[in-house]
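Have a look at the model below, then work through each task with its solution.

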Amino acid sequence: MIKIKKRKVLLLPGDGIGPEVTREVRKIIEWFNKNKSLDFEIDEDLAGGASYDKHGTPITDEVFYKALESEVVILGAVGGPKWDNLEFSKKPERALLKLRKELKLFANLRPAICFKQLVDASSLKPEIVSGLDIMIVRELTGGIYFGEPRGIKPIDKGERKGINTHTYTTSEIVRVAKVAFDLAKKRANKVTSCEKSNVMEAGQLWKEEVQALHDKEYKDVELNHMLADNCAMQLLRNPKQFDVIVTDNLFGDMLSDQASMLTGSLGLLPSASLGAKNKNGEMRAMYEPIHGAAPDIAGKGIANPIATILSFAMALKYSLDLDKEAEGLEKAVQSVLDDGFRTKDILTKGMKEVSTTEMGDAIISKLK
Ligand code: IPM
Ligand code: MG
C-alpha cells in the first residue's frame, strides 16, 4: 500500500492551454509557501499528449505512482487534434480516465456559480442566472465509461458492432449519493437525482437506491428525482431551482458542460474529484478546471487561469482543510473581477483585457 504524502502536490499541466494556466497556480502555491509557511511540496510531470510525444504513452508508470502518493493532483487539461487518430489506449484522455479509475476518485464535484460581475457574459437573461449556485455531483468511476464488455467487433456481412456497457451497483450509487446529501446539508439542503429510469434498468436501480439511502439516513434533506433529459431542459428554463444535482458518469459529463455555460464562461469553473478516505482519514483527490485543452488558443497567453486557480482553492478546502486560505483565494479572484480585469473569454465592454500571466499576478497581488 502506497502511503499518501501530506501536502505533496503534483502538477500535471498536460496539453494545450494546460501548461499556461497551471503555471499561474504554481505561482500561487509558491506564494502560500513563502507568505503563509505552508510548506507544499510541489512536483510537476507530463500527462496526456505531452507524455505520449515523449514516452509513447499518455501516462508513465512513474507519473502514475507519483499521483498515487500525492495528497493533491492538479491537472491542467489533456488532448488535442494532434492525437485524435491514435488508438484508444494511447489517446491523451486515457491518462485522465486511468487516474480517475485507479485513484478511485468516484465523486466529481462541479460547481456552476454565476459570478455577479459576469452576469452579462451568460447567453441566458440576467434574471435567469444571477445568483446561480449549483453543485453537480457526477459519479466518475463507473457507468458506461468503464463498463464491460466494450469494444468494436466484426459481425456478419462486413458490418461492425460498437459495444459499451452501462452498469451500476448499489454501493457505487450509495457512496456518491452520500457525498451529494452531505454537501446539500451545508448548502440549500436539496438534492435532485437524475437518471433515465424510464428506459434503463441501471437508471431504475439508481433511483431506488438514492431514495432508499435518503429514507434511511437523510430524511431531513429534500430529494427530487428527475429524468436526465428533463434536467437538461430545466437547466435552461429555470436553473435556480437546483441546489445539488447527483447523476451518473455520462449524464454528469453532459449536464455539467451545460450548467457551466449558464455562468458565462467555461474558463471560470473548477472541479474536484474525490476518493474515499482511508483508515488514517487520508483521501486521494484530483483537481482540474472544467474546460479542456483549447488547442486553438494555446500558446497565445490569453487563456483564463481562474478555473485552475479556483480548482486549487477547492484543494485547499476539500483535501487540505485550509478553509480560510481557500476563502482568501476565492476573495482575491472576486476582487480582481471587481477591478474590471478580464481575460479575452470573459471580456465585455469597458473592462480591462489582461493576459493569462497578468491575471495570475493580479490575483496574487490581492492575497494577504
Ligand atoms: C470531462 C471531459 C472528459 C470526460 C474527457 C476529456 C475524457 O469531458 O472531464 O468532462 O468525458 O469525462
Ligand atoms: Mg466533459
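**Exercise 1.** Find the handedness of the crossing of H1 and H10, then describe how these helices pack.

*Solution.* Start with the handedness: H1 and H10 cross in a right-handed way (the near helix is turned clockwise from the far one by less than a right angle). The model is predicted: local features need pLDDT of at least 70 and side-chain atom pairs pLDDT 80 or more, while totals for chains, interfaces and linings use all residues. Residues are numbered from 1 along each chain as its sequence is written, chains are lettered from A and ligands numbered from 1 in the order written, and side-chain values use heavy atoms, without hydrogens and water.

Next, take the geometry. H1 covers residues 18–36 and H10 residues 306–318; their axes are 8 Å apart, at an angle of about 40°.

Finally, list the contacts (heavy atoms within 4.5 Å). From H1, Val21, Thr22, Glu24, Val25, Ile28, Ile29 and Phe32 meet Thr308, Ile309, Phe312 and Leu316 of H10.

**Exercise 2.** Which residues of helix H12 are buried, and what covers them?

*Solution.* First apply the cut-off: buried means under 20% relative accessible area, with a 1.4 Å probe and protein chains only. In H12 (residues 356–366), this picks out Thr356, Met359, Gly360, Ala362, Ile363 and Ile364. Then look at the cover, which includes H1, H10, helix H11 (323–338) and strand E13 (341–342).

**Exercise 3.** Where is isoleucine 302, and which residues does isoleucine 302 touch?

*Solution.* Begin with the place: isoleucine 302 is in the loop between strand E12 (283–289) and H10. Its C-alpha atom is separated by 5.3 Å from that of threonine 356, although the two residues are 54 residues apart along the chain. Leaving out residues up to four places away in sequence, isoleucine 302 touches Glu20, Ile297, Thr343, Lys344 and Thr356.

**Exercise 4.** In what order do the strands of the open sheet lie, and how do E5 and E10 run?

*Solution.* Read across the sheet: its 10 strands follow the order E2-E1-E3-E12-E11-E4-E5-E10-E8-E9, with mixed pairing (a pair needs at least two DSSP bridges). At the edges are E2 (41–44) and E9 (222–227), each pairing on one side only. Now zoom in: E5 (residues 133–139) and E10 (residues 244–247) run parallel and are joined by four bridges. There, valine 137 stands opposite valine 246 in E10.

Terms used
Axes fitted to C-alpha atoms, helices over the stretch in contact; angles between N-to-C directions. Helix = DSSP H or I, 4+ residues; strand = E, 2+ residues; numbered from the N terminus. Buried < 20%, exposed > 50% of the residue type's maximum accessible area, 1.4 Å probe, protein only.
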